[in-house]
Amino acid sequence: MRTNSVPILVAGLAAGLLLAGPAMAGGVSGTVTYSGSVPKLPAIKMSADPGCAKKHGDEVANEMLVLGDGNKMANIFVQVKSGVPQKEYKAPSTPVVLDQDGCQYRPHVFAVMVGQPISIKNSDGLLHNVHALPEVNNSFNKAMPGTVTEATHVFTKPEPMFKIKCDVHPWMASYVAVMSHPYFDVTSTDGKFSIADLPPGNYEIEIWHEKLGTKSQKVNVKDETVTVDFEMSAPSKG
Ligand SMILES: [Cu+2]
């Protein structure tokens, strides 16, 4: 019965992994919600490059504030800011993909670990120029003509969020953090984040938004997943 041997093997592996894992581990999860009145941000105008404009039917929504149902916030970078056990964390060899698609970076906000490759794709078949603006890592500036569909870059030092821009299309922006540990996540339009496999301890959880800055909360994790919700709102005027 060949067909049955695979599930049995998988179950056996899973049991082995469980036994080999830490005796206790918890996690942190939660939701980030925008509170207050939602500003009307201008649409992105791509008319300067008809090749870009042609890839969109309607107006292109501003990427600075992306909200889902119930004003849940996308593009929030969440990390364990302090309390992470000091040790070497091995970076995944699987690259994180940064695509240039419709003359927008996808994702708009992301993070990699030190040494983890970023696979930069050019799905557009148009000229882009990827220009990263780190302060700790070496900067890079790569022209990607329409015929170049992929490039790879590796950042070698931990660094907080910095911008990647396109020198051809001034509206294009992506933000990346280079992490020394794997305890981070980025929200989608459901506003949800989840950070797993944290050993018991006291941690500071920090959220980051490109315009609204950072907020943090302290949390004690035992062997369960602790819920930590956040709210962000526009700075009050005056
Ligand atoms: Cu571009």
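**Close-up views of a predicted model**

**Figure 1. Salt bridge between Lys-165 and Asp-167.** Lys-165 and Asp-167 form a salt bridge whose closest N and O atoms are 3.6 Å apart; the term denotes a side-chain nitrogen of Lys or Arg within 4 Å of a carboxyl oxygen of Asp or Glu. The model is predicted, with local features requiring pLDDT of at least 70 and side-chain atom pairs counting only at pLDDT 80 or more, whereas totals for chains, interfaces and linings use all residues. Residues are numbered from 1 along each chain as its sequence is written, and side-chain values use heavy atoms, with hydrogens and water left out. Lys-165 is partly exposed because its relative accessibility is 29%, and Asp-167 is likewise partly exposed, at 40% (buried: under 20% relative accessible area; exposed: over 50%; partly exposed: in between; 1.4 Å probe, protein chains only).

**Figure 2. Copper site.** The copper ion has as protein donors His-128 (ND1), Cys-166 (SG), His-169 (ND1) and Met-172 (SD), at 2.0 to 2.7 Å; donors are N, O and S atoms within 2.8 Å of the metal (3.2 Å for Na, K and Ca), and since water is not among the atoms, sites may look incomplete. The arrangement is tetrahedral because the four donor atoms subtend angles of 95 to 134° (four donors qualify if all angles lie between 85 and 135 degrees). Along the chain, the donors follow the spacing H-x37-C-x2-H-x2-M. His-169 is buried, at 1% relative accessibility, and Met-172 is buried with a relative accessible area of 1%.

**Figure 3. Salt bridge between Glu-150 and Lys-121.** The side chains of Glu-150 and Lys-121 meet at 3.3 Å, N to O. This pair links distant parts of the chain, with Glu-150 in strand β9 (residues 150-154) and Lys-121 in strand β6 (residues 117-122), 29 residues apart (strands are DSSP runs of E, at least two residues, numbered from the N terminus). Glu-150 is partly exposed at 41% relative accessibility, as is Lys-121 at 27%.

**Figure 4. Nonpolar core around Val-219.** The largest nonpolar core has 35 residues, and those with the most contacts inside it include Val-28, Phe-77 and Val-219; such a core is a set of buried Ala, Val, Leu, Ile, Met, Phe, Trp, Tyr and Cys residues joined through side-chain atoms within 4.5 Å. Leaving aside neighbours within four places in sequence, Val-219 is in contact with residues including Val-28, Tyr-203, Ile-205 and Val-228 (contact: heavy atoms within 4.5 Å). A second, separate core of 26 residues includes Met-46, Val-112, Leu-126 and Val-178.

Methods. Tetrahedral: all angles 85-135°; square planar, octahedral: opposite > 155°, others 65-115°. Helix = DSSP H or I, 4+ residues; strand = E, 2+ residues; numbered from the N terminus.
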